[in-house]
Amino acid sequence: MFWPSFNAAIASPGSHQHRIVINTVLCLASCCLTTFLWSPLLRYESKFYMVDIQNASIAGGVAMGASADMMLNPWAAILIGCAASFLSVFGYTRVQHFLEKKIKLYDTCGIHNLHGMP
């Protein structure tokens, strides 16, 4: 739960910080929940992978951090979380293998899928 305070740290005190904290929590929650949908749909084995759920949850905080200072409604934060979830899981399941085979780029920690794509 430190991510909302991290996103709101540089905002002006008051309602702006409160909005950033609420939007970040909504984004993290929607990202985590929709990962339970995308993980079995995008994996060939059709199973949940905890790595997907952990990394996509963090990707929601990263995606919200990039737009934290904007005047976003709660529905937009939820939509950003859903999009970040899809992009992160898609990156781990499809893009990472493509980059390894085509250009010999090995992202062993998944930084591209966690911080770059969402």
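Phe 86 comes out as partly exposed, at a relative accessible area of 29%; the label covers what falls between buried (under 20%) and exposed (over 50%), using a 1.4 Å probe and protein chains only. The model is a predicted one, where local features need pLDDT of at least 70, side-chain atom pairs count only at pLDDT 80 or more, and totals for chains, interfaces and linings use all residues. Numbering runs from 1 along each chain as its sequence is written, and side-chain values use heavy atoms, with hydrogens and water left out.

As for ring pairs, there are 3 aromatic ones in the structure. Rings of Phe, Tyr and Trp (its six-membered ring) pair if their centres lie within 6.5 Å, with planes under 30 degrees apart called stacked, over 60 edge-to-face and the rest tilted. Phe 36 and Phe 48 pair edge-to-face, 5.3 Å centre to centre with 75° between the planes. Phe 36 sits in helix α2 (residues 15-42) and Phe 48 in the loop between α2 and α3 (50-66), so this contact ties together parts 12 residues apart in sequence. Helices here are DSSP runs (H or I, at least four residues), numbered from the N terminus.

Trp 38 and Phe 86 are also edge-to-face, at 4.9 Å and 65°. Trp 38 belongs to α2 and Phe 86 to α4 (residues 74-102), so the parts tied together are 48 residues apart in sequence. Ring pairs join Trp 38, Phe 86 and Phe 90 into a cluster.

Then there are the charges over rings (NZ of Lys or CZ of Arg within 6 Å of the ring centre and within 35 degrees of the ring normal). Arg 43 has its charged end over Tyr 49, 4.2 Å from the ring centre, while Arg 94 lies over the face of Tyr 44 at 4.5 Å.

Notes:
Helices (H or I, at least four residues) and strands (E, at least two) are DSSP runs, numbered from the N terminus.
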